[in-house]
Amino acid sequence: MQPLDIGQIIDLERYPFHEPESPRLKSLMARGRSALEREALFSLEGFVRPEMIAPMAQEMERLAAKATRYDSPRIAYLDPDPAFADDHPRNQLHSCAYHQVLNYQISNASPLRRIYYWQPLTDFLGKLCGYDSFYRSDCPHLALTSKIAGDGDTDGWHFDTNDVVFSLLLQAPEAGGEFEYAPHLRSETDERYDAVEAVIADPDRLAVRPPMAVGNLTVFKGDLSLHRVTPVRGARKRIVALFCYDRAPGMTFVQGYIEELQSRLPASTSS
Ligand SMILES: O=C(O)CCC(=O)C(=O)O
Ligand SMILES: [Fe+2]
């Protein structure tokens, strides 16, 4: 199969990333920056052309059989802090279960990789986030991935540990599997554990659920905004592609986490 042209994948009439000086792109940039500042989230609706969504979802669903299966509770932060009790929000465990297709398992010909490697998009996203430097991750395992969540699967409450992750929803489940978050809940200098505890106790009141349609690219600054994906209900899987970037070049994830993911690959692919 011939690799697709980027214009066959992304709706470039609506989002002309290759024309950064065009009025359309300048206005998109202004809207996006203000949304990120206000809400920590900006959604580019109809980013992927509608006819591409199902083939891209199917490609990831086929790879799910080879994917790593994460299935153990996790805390909302990178490492536990022994200064706090086990049930304090700092150390409290949250269910986490999903399949994750790893970067090296995604073909170089995949439309997802075409999107990820298309430099005009990277340039736009870096400027949107207000960063002077902005690079795709070099992580062989986690630069470009896809999370696939079946019935009962969920991504527990957490803050992201890297600069930014962008997500592209490829398939929505019948019910559940909703992304929920509390914008700007903590700051660089104040963890606000009471606020974290309150959101976890009453997300219906204190978290927001942005509308997320398939084909939307969601730019989300998750380092200061607590978030989760609620448990999926029903047979249809929730499928999301995740694009990872960093302000520093050559970013890879910590080896301990990679080894944990590798230990959870199905036996036939883990060698
Ligand atoms: O699946 C999503 O929409 C978000 C996943 C997420 O928060 C993450 O991978 O850090
Ligand atoms: Fe996250």
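This is a predicted model: local features need pLDDT of at least 70, side-chain atom pairs count only at pLDDT 80 or more; totals for chains, interfaces and linings use all residues.
Student: How many bridges join β7 and β10?

Tutor: Two strands pair if DSSP finds at least two bridges between them. β7 and β10 pass that test in the antiparallel sense, and their bridges number four.

Student: And which residue in β10 stands opposite Leu44?

Tutor: Strand β1 (residues 41-44) also pairs with β10 (residues 217-220), again antiparallel and over four bridges. Leu44 is the end residue of β1, and opposite Leu44 in β10 you'll find Leu217.

Student: Leaving aside neighbours within four places in sequence, which residues are in contact with Leu168?

Tutor: Contact here is about C-beta atoms, placed from the backbone, lying within 7 Å of each other. With sequence neighbours within four places set aside, Leu168 touches Phe47, Val48, Leu217, Val240 and Ala241.

Student: Is Ala40 buried or exposed?

Tutor: The rule counts other C-beta atoms, placed from the backbone, within 10 Å of a residue's own: 20 or more is buried, 12 or fewer is exposed, and in between is partly exposed. Ala40 is found in the loop between α2 (23-39) and β1, with a positive phi of about 65° although it isn't a glycine. Because Ala40 has 21 other C-beta atoms within 10 Å, it counts as buried.

Student: What about Ala65, buried or exposed?

Tutor: Ala65 is found in the loop between α3 (50-63) and β2 (68-71). Since Ala65 has 11 other C-beta atoms within 10 Å, it's exposed.

Student: How far apart in space are Phe159 and Asp223?

Tutor: Phe159 is found in the loop between β6 (154-158) and β7. Setting aside neighbours within four places in sequence, its contacts include Gly222, Asp223 and Leu224. Phe159 and Asp223 are 64 residues apart in sequence, yet from C-alpha to C-alpha they're separated by 5.1 Å.

Student: Which elements give two or more residues to the shell around ligand 1?

Tutor: A residue is near a molecule if its C-beta atom, placed from the backbone, lies within 6 Å of it. The residues around ligand 1 include Lys147, Asp155, Phe179 and His227. The elements giving two or more residues to that shell are β7 (164-171), β11 (226-229) and β13 (238-246).

Student: What is the radius of gyration of the protein?

Tutor: It's taken over C-alpha atoms, and the globule rule is 2.2 Å times the number of residues to the power 0.38. With 271 residues, a compact globule would come out near 18 Å, so the protein agrees with the rule at 18 Å.

Notes. Residues are numbered from 1 along each chain as its sequence is written. Chains are lettered from A and ligands numbered from 1 in the order in which they are written. Two residues are in contact if their C-beta atoms, placed from the backbone, lie within 7 Å.
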